[in-house]
Each structure stands twice: as structure tokens, then as C-alpha cells.
Amino acid sequence: MGHHSSSITGAPTMLTVPGLGNSGAAHWQTLWEQSRLDTHRVDLGMWNAPHRNAWVTKLDQAVSRAQAPVILVGHSLGCQAIAWWASLSPQPYGWPVAGALLVAPADVDREDAPAELATFAPAPRVPLPFPSILVASADDPWITIDRAHSLAADWGSHFVDAGAQGHLNAASGLGWWPEGQTLLDRVIEAAGGPHGEVRAPGDARAILARHRNHAGVQAHN
């Protein structure tokens, strides 16, 4: 993976990492990019025929180009790309990626997983080197809630049950998804202190865990 300097300070840059097929015009990732000047999409390419190594390389290049600490915002297969990048990255805890919001990760290990997901299996089981929240839906066709909880445990992510909201995509009718923005704010708070310093892992976990539930989400430690 690329070399990253830790001399850059400032507000974090949000990089959205879509899944298979990219995120369309009504997807919350797209709406966030349009409404937030700090949010940009990683152009992974090969959207309909993804390959793990190509996606990880594209993500690494995007992180390396960022002019501030990075918060990754993944959806579906994009969450697996983030986990693979993290497992292959030599970054110290919290830099240059300072945190991640992982939404509805695709289960690449299930027996009936689409062939397009094959190069991402098996899912990494390495703790992420940054604080993260993993959000899952109870009736997601791409992953069971128990499997999502297992991934959160493997990755060291704070787990949030979003209830029955499908794949947490445009078809779920989330629109701008204000609950997701609230969770993103929690990740940003956990990622850095008031002077831009990287928070210790224990402090970050405490911040993610101490917030009370918001409408539409149920948190688990």
C-alpha cells in the first residue's frame, strides 16, 4: 500500500465507497456527496465486475491523495473493500484513515453469494486500525443480522441494528438518511480529539458506546 504522511491536519475528508453496481442518484451516498463539500466518491471502476485487488488499489490511491484525515463511508461490497484495504495497509492506528462508517456489508462467504463477489472471499477477520460503526438491517437480503454482528466483532466495529430496512440503499427509501448522518458524526467524534489528535482506541470505543439510541437504530456493545 502507499506511503502516507501524518503531517497533514484539519477536518476529515469523507470518502464514500459504494458496492456492486455503484450507487445511483437516489442512494444516500450520492445525496451526501451532493450536500456535503467534504464528501467525495472513490471511483473504484469495474462496478459490475469488481476485483478485490483492483478495488483495494483504487481505494489506497484515493486515501493517499486526500489532503486531510479520512473517514471512509462504505456500503455493501464497499465495506469488504475497506476491510481488505485495512488488512493490507501498514497504517498506524487512526492515520491516515481516522474512522469508518460501514453500512450493510455484503456477505461474501455465504454459499449462494453472487459470482461477482468471489474475489472478496473470505472476508478479512483482522481488526480495523481505526474506530468504526457497522450498521446492519434485520431483513437485508445480502447478509443476515447475525453474520453482520459477527463481522462487526471480527473488525472491532461498534454494531448498530437499524431494524428492518432492507439493504439500507435507495430501495429502502432512506433518502438523505439523517440517522446515518448522526452515526457518521459519532465516528468523526471518536476519530479525533479537539486539536486533531488521534484518540486512543479505548477512548474512541467509549465515545461510540456512550451515545444513546436514535430513532431507527439500536446500538449494541
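This is a predicted model: local features need pLDDT of at least 70, side-chain atom pairs count only at pLDDT 80 or more; totals for chains, interfaces and linings use all residues.

Which residue lies over the face of Trp 84? I looked it up: Arg 52 does, at 4.2 Å from the ring centre.

Next entry, aromatic pairs. I searched the whole structure and got 5 of them. One is Trp 47 with Trp 55, edge-to-face, with 5.7 Å from centre to centre and 65° between the planes. I checked burial for these two, and both Trp 47 and Trp 55 come out buried.

Trp 55 turned up again, paired with Phe 120. That pair is edge-to-face as well, at 5.6 Å centre to centre and with 70° between the planes. I then looked at where the partners sit: Trp 55 is in helix α2 (residues 52-65), while Phe 120 is in the loop between β4 (97-103) and β5 (132-136), so the pair ties together parts that are 65 residues apart in sequence. Phe 120 is buried, like Trp 55.

I also noted a cluster: Trp 28, Trp 32 and Trp 177 make up one aromatic cluster.

Last entry, Gln 80. I found this residue in helix α3 (residues 77-88). Is Gln 80 buried or exposed? Its relative accessibility is 0%, so I count Gln 80 as buried, the cut-off being under 20%. What does Gln 80 touch, leaving out residues up to four places away in sequence? I listed Ala 106, Val 108, Phe 120, Ala 123, Pro 124, Leu 151 and Trp 155. Phe 120 is on that list, and I had already logged Phe 120 as the ring partner of Trp 55.

Technical notes. Residues are numbered from 1 along each chain as its sequence is written. Side-chain values use heavy atoms; hydrogens and water are left out. Rings of Phe, Tyr and Trp (its six-membered ring) pair if their centres lie within 6.5 Å; planes under 30 degrees apart count as stacked, over 60 as edge-to-face and the rest as tilted. Buried means under 20% relative accessible area, exposed over 50%, partly exposed in between (1.4 Å probe, protein chains only). Helices (H or I, at least four residues) and strands (E, at least two) are DSSP runs, numbered from the N terminus. A charge sits over a ring if NZ of Lys or CZ of Arg is within 6 Å of the ring centre and within 35 degrees of the ring normal. Contact means heavy atoms within 4.5 Å.
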